[in-house]
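Trainee: I would like to go through this model term by term and ask what stands behind each label.

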Amino acid sequence: MKPRARHSLLTTEGMSRSEVESLFARARVHARGLESGRSVRALEGKVVANLFFEASTRTRLSFERAAKALGADVLNFTAQASSVVKGETLMDTVRNVEAMGVAALVIRHSASGAAHLAARHVRCAVVNAGDGTHAHPSQALLDAFTLHERWGSLDGKTVLILGDVLHSRVARSNLFCLTTLGAHVVFAGPPTLMPAGLEEMGGRLAPSLEAALAEADAVMVLRVQGERQTAGYLPSVREYARLYGLSAERAARLRPGAVVMHPGPVNRGVELAPEVADGPANVILAQVSHGVAVRMAILEACA
Amino acid sequence: MKPRARHSLLTTEGMSRSEVESLFARARVHARGLESGRSVRALEGKVVANLFFEASTRTRLSFERAAKALGADVLNFTAQASSVVKGETLMDTVRNVEAMGVAALVIRHSASGAAHLAARHVRCAVVNAGDGTHAHPSQALLDAFTLHERWGSLDGKTVLILGDVLHSRVARSNLFCLTTLGAHVVFAGPPTLMPAGLEEMGGRLAPSLEAALAEADAVMVLRVQGERQTAGYLPSVREYARLYGLSAERAARLRPGAVVMHPGPVNRGVELAPEVADGPANVILAQVSHGVAVRMAILEACA
Amino acid sequence: MKPRARHSLLTTEGMSRSEVESLFARARVHARGLESGRSVRALEGKVVANLFFEASTRTRLSFERAAKALGADVLNFTAQASSVVKGETLMDTVRNVEAMGVAALVIRHSASGAAHLAARHVRCAVVNAGDGTHAHPSQALLDAFTLHERWGSLDGKTVLILGDVLHSRVARSNLFCLTTLGAHVVFAGPPTLMPAGLEEMGGRLAPSLEAALAEADAVMVLRVQGERQTAGYLPSVREYARLYGLSAERAARLRPGAVVMHPGPVNRGVELAPEVADGPANVILAQVSHGVAVRMAILEACA
């Protein structure tokens with residue numbers, strides 16, 4: 001077993017404020033480079049491998065876009081077309097791909113802990129692109145960066161995370177990242193989908209959705225993950241939409257200037273009403289654009 | 001809703017002769033560049049995304065080859081491995097991919113009108129790589145370019161389009177493009193597979209296949225799309241081959257110098273006999289080669 | 001039918017010792033280039049197409065990595081997403097991809113002879129990345145290169161190939177390559193999975209696995225291909241592991257310094273015990289690393 005890679009990004013838990021802020025400083029440089037069409041070719045001659053053991057569009061494309069903008073060669077690997085079907089272990093796969101001369105492995109996997117496990121078996125950098133219900137650090141960093149670019153600072157701001165927190169790696173990673181940057185994090189959603197221990201992690205459960213909306217500077221709307229995960233937790237998707245969906249009516253209770261976020265893809269009419277998804281408060285596409293710059297900063301720091 | 005992108009290529013309908021001819025002039029430059037191995041790197045630092053919501057080999061590879069020859073970074077996205085299965089709308093997908101900093105979206109979709117719809121929701125260029133039974137403009141342009149390079153001009157030439165015209169986006173796009181360039185377009189095939197209104201669009205229905213073959217300078221053989229689409233329209237594939245397939249015997253009725261074209265992939269022994277597909281009159285591989293140069297010209301003009 | 005490409009790599013059968021050794025000399029240059037992050041950009045402006053009609057992870061990624069390290073543009077094509085499902089012949093596919101301006105086609109196919117067939121229909125280089133049970137020359141070359149780098153020379157060394165030789169393209173290609181380089185090749189495995197004629201091809205059947213282990217300088221452990229191929233040949237996978245798997249106990253009978261190889265992916269606990277796969281004798285990851293360098297040498301020589 002090799003030493004764990006020093007520059008992997010596995011979780012936002014434990015990242016220091018200065019670590020996050022220097023990443024943001026680089027992301028800002030990359031965002032300007034992308035806009036001008038002259039990006040920093042910091043990974044010229046290096047290889048980034050995207051190992052996606054779980055379906056994804058935007059995260060994979062975003063990492064690929066980021067790596068190519070940095071001048072890296074990109075190898076794409078998806079589980080369907082892979083040896084994984086032949087029963088090869090995750091550990092064997094990552095060690096083999098590393099042996100091809102890869103600087104960074106970007107890994108998405110349906111099992112919580114997969115990226116950590118991988119990082120224990122390779123010397124190259126591992127970037128966690130989402131593991132089970134555990135963590136999705138690049139998403140949290142791009143979310144926080146989007147707010148940071150808008151507000152200048154997150155200190156004292158209140159961010160509401162709304163929805164199925166129990167199954168959400170996005171919620172968990174955002175909680176750590178946002179509180180590190182000085183924001184207050186409030187949760188709302190179906191009681192059956194609120195994990196225990198949110199207070200211990202620095203968050204707060206809202207007394208009611210209405211109260212939470214009234215005090216939020218930003219609402220992060222979580223995706224309803226479909227029937228499979230919510231079976232037994234939710235009466236129905238329709239019921240969810242009625243009780244917890246961010247409708248136009250609920251969005252109207254937000255403070256002036258409050259923003260609406262979503263990690264995508266949006267279930268229009270379920271967790272987010274179409275008019276809110278496209279409304280003036282939404283920063284969903286800014287999240288996507290900033291995502292490329294933030295992932296460039298991550299890959300640059302890791303690889 | 002954002003303004004429709006100015007430089008999208010959605011259909012050949014309404015393209016002016018000078019537009020087509022200046023595209024051909026650039027395609028000629030690119031064809032020479034490809035041959036010499038020194039292509040014009042006009043899209044260096046730009047990103048082209050291939051969004052293929054429908055299976056395709058050669059069109060996707062051809063666009064990818066073209067984009068890379070221009071120096072662009074290419075992002076590939078196919079519907080199977082995508083959020084589309086999670087129910088994300090086409091509109092959300094294209095807006096998200098655009099937000100990653102993409103100069104051009106190349107879209108194939110099984111729904112007629114998909115590329116137009118996409119173009120109404122993004123500012124970047126949209127290139128229609130085939131939408132339902134509606135249009136396939138890059139195919140029509142490469143077909144016309146192939147004839148143009150051979151003949152010098154299409155003025156006064158007669159092109160026969162043979163087969164299932166009803167379901168063919170290739171036939172429709174070719175009709176507009178060829179007539180714009182001064183050619184006469186004649187159609188032949190099963191009466192049940194001839195759409196109404198061909199005359200209004202500038203074409204002509206052949207009195208018989210035999211008469212049409214005798215007067216054609218080029219025959220474009222359409223692909224039989226398989227049992228699904230032709231169910232109820234055709235007695236059987238075998239019957240189709242017998243009545244409308246371009247057999248060696250039928251090909252022998254063509255004028256000396258007349259060429260045989262096919263958009264690929266060929267159903268050998270169905271719409272085209274193997275000895276004709278490989279015979280001296282066929283320009284099928286020239287179509288493929290010219291396709292790369294024409295798509296370079298399209299991407300260069302759009303992105 | 002066009003003349004067969006001069007610089008294709010279809011099989012190791014018939015390769016001369018000097019051909020193999022000059023390939024190794026280039027592979028050594030590329031291995032150093034990869035280590036220093038400054039690889040020879042010998043294919044800048046050229047295109048390599050990976051046509052994989054059969055699932056593969058590491059071989060496809062390794063060829064892609066090699067081609068990109070040489071500066072080539074890479075087009076990836078897998079059968080699932082392709083026209084092959086529409087019934088296009090292999091011959092049509094390769095001719096079409098060639099017509100897009102491709103310097104080399106890397107082909108994997110489940111039918112023995114597929115790469116030879118392809119090479120007869122194109123002028124560009126064809127690299128056989130595995131065809132049925134016939135040949136897998138790049139794997140054999142990287143295996144031999146791994147031993148060559150370790151030993152300086154293969155002359156007089158004894159290599160044991162252990163397992164399902166009957167269905168193994170790896171075994172066949174290694175036999176030719178290793179004997180050409182002066183090594184002795186010994187085979188062991190279930191009698192039902194030993195093809196006739198190994199002696200005529202320059203190999204030798206071991207009297208017993210124990211005897212073979214005692215005299216081997218290297219053991220190449222073949223992958224058990226799963227239930228499908230071994231049905232009727234093997235009582236069960238468990239029985240195989242017990243009788244022919246390289247357990248820690250059997251590995252202990254190897255000479256000091258003898259190495260254990262596997263083409264991957266490993267079925268841990270079937271043909272190879274986990275403690276041997278990860279043990280000090282294994283060179284499995286060195287095979288993977290050398291694979292990139294060897295494939296760079298192959299593509300450079302071919303394209």
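Mentor: Start with S173(C), which lies in helix α6 of chain C, residues 169-180. A helix here is a DSSP run of H or I with at least four residues, a strand a run of E with at least two, both numbered from the N terminus.

Trainee: What are the ground rules for the numbers?

Mentor: This is a predicted model, in which local features need pLDDT of at least 70 and side-chain atom pairs count only at pLDDT 80 or more, while totals for chains, interfaces and linings use all residues. Residues are numbered from 1 along each chain as its sequence is written, chains are lettered from A and ligands numbered from 1 in the order in which they are written, and side-chain values use heavy atoms, with hydrogens and water left out.

Trainee: Why is S173(C) called buried?

Mentor: Buried means under 20% relative accessible area, exposed over 50%, and partly exposed in between, with a 1.4 Å probe and protein chains only. S173(C) has a relative accessible area of 1%, so the residue is buried.

Trainee: What does S173(C) touch, not counting residues up to four places away in sequence?

Mentor: T12(C), A135(C), H136(C), P137(C) and A140(C); contact means heavy atoms within 4.5 Å.

Trainee: Why does N174(C) count as buried?

Mentor: N174(C) is also placed in helix α6 of chain C. Its relative accessibility is 0%, and therefore N174(C) counts as buried. Leaving aside neighbours within four places in sequence, N174(C) is in contact with A140(C), D143(C), I161(C) and M220(C).

Trainee: Turning to the interfaces, how many residues of chain C and of chain A are in contact?

Mentor: 21 residues of chain C contact 22 residues of chain A. The area buried between chain C and chain A is about 2000 Å², and carbon and sulfur atoms give 52% of this area. Buried area is the accessible area (1.4 Å probe) that two parts lose on being put together, summed over both.

Trainee: What makes the pair R95(A) and D278(C) a salt bridge?

Mentor: The rule asks for a side-chain nitrogen of Lys or Arg within 4 Å of a carboxyl oxygen of Asp or Glu. The side chains of R95(A) and D278(C) meet at 3.3 Å, N to O, in a salt bridge. Across the interface of chain C and chain A the rule finds two salt bridges.

Trainee: Which helix gives the largest share of the side of chain C that touches chain A?

Mentor: Both α2 (58-69) and α12 (284-302) of chain C supply at least two residues of that side. The largest share, eight residues, comes from α2(C).

Trainee: What does the contact between chain A and chain B consist of?

Mentor: The contact takes 22 residues from chain A and 22 residues from chain B. L61(A), R65(A) and L285(A) supply 28% of the area that chain A buries against chain B, more than any other three residues. The count between chain A and chain B is two salt bridges, and the side chains of D278(A) and R95(B) meet in a salt bridge at 3.2 Å, N to O.
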